[in-house]
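Here is a short briefing on one protein chain. Look at the picture first, then work through the points by topic.

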Amino acid sequence: VEAVHLIADGKAPRIPQPKEGATYEGIQKKENAEISWDQPAAALHNWIRGHDKVPGAWATIDGQVVTFYGSSLLDAPVPAGQELAIKGASRPGLVTKNGLVVFGNDGKMVLVRNLQFEDGKMIPASKYFSADETTALELTEEEKKMAEDIR
């Protein structure tokens, strides 16, 4: 009650909080979230996971900023996949059926499940090389007749 009265009367003491020991980190900015590839896999995973969802850890692939989401450490034999060159990485990533596998400087692996491009389009990392492919819809004769009737 006494503290409330001191505040109400404008007489409460004001003690600035010391910066030493503070754990608050300011708002992260996208330009500060670039992935530094010269780290062990656990550090890469923590960086990606720590920036998931905002602002998103990113790297340059094919001259485009690509943001990584949904990482996990992968403790298994190196999976089969298609190589993907990532700027700054000492070893290319692998696009596998489960996602994008990237390597730490310790040779261990991190699996990334989703990728987002600069235009905002998000895809499963496993679909990186098939993202631009579109399949044409082919109708049966019966469906063509139905489409014509609808028109």
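Two strands pair if DSSP finds at least two bridges between them. Helices (H or I, at least four residues) and strands (E, at least two) are DSSP runs, numbered from the N terminus. With that in hand, β4 and β5 form a hairpin with two residues between them.

This is a predicted model: local features need pLDDT of at least 70, side-chain atom pairs count only at pLDDT 80 or more, and totals for chains, interfaces and linings use all residues. Residues are numbered from 1 along each chain as its sequence is written, and side-chain values use heavy atoms, with hydrogens and water left out.

**Strand β5 and its partners**
- Strand β4 covers residues 93–96 and pairs with β5 in the antiparallel sense, over three bridges.
- Leu94 stands opposite Val101 in β5.
- β5 and β6 also run antiparallel, joined by four bridges.
- Val102 has Val110 of β6 as its bridge partner.
- The hairpin of β5 and β6 has five residues between the strands, and there Gly107 takes a positive phi near 85°.
- Five of the five residues of β5 are buried, so β5 is largely enclosed by the rest of the structure.
- Buried means under 20% relative accessible area, exposed means over 50%, and partly exposed is in between (1.4 Å probe, protein chains only).

**Helix α2**
- Helix α2 spans residues 41–50, and its buried residues are Ala41, Leu44, His45 and Ile48.
- Seen down the axis of α2, these buried residues fall within an arc of 100°, so they line one face of the helix.
- That arc is taken from the directions from the helix axis to the C-beta atoms.
- An α-helix has 3.6 residues a turn, so residues three or four places apart point the same way.
- The cover over the buried residues of α2 includes β1 (57–61), β2 (64–74), β5 (99–103) and β6 (109–116).
- Contact here means heavy atoms within 4.5 Å.

- Is Ser71 buried or exposed? Ser71 is buried, with a relative accessible area of 13%.
- Ser71 sits in strand β2.
- The side chains of Ser71 and His45 make a polar contact (2.7 Å).
- A polar contact is a pair of N or O atoms within 3.5 Å; within protein, one must be able to donate a hydrogen and the other to accept it, and residues adjacent in sequence count only if both atoms are side-chain atoms.
- Ala80 lies in the loop between β2 and β3 (82–84).
- Ala80 counts as exposed, at 73% relative accessibility.
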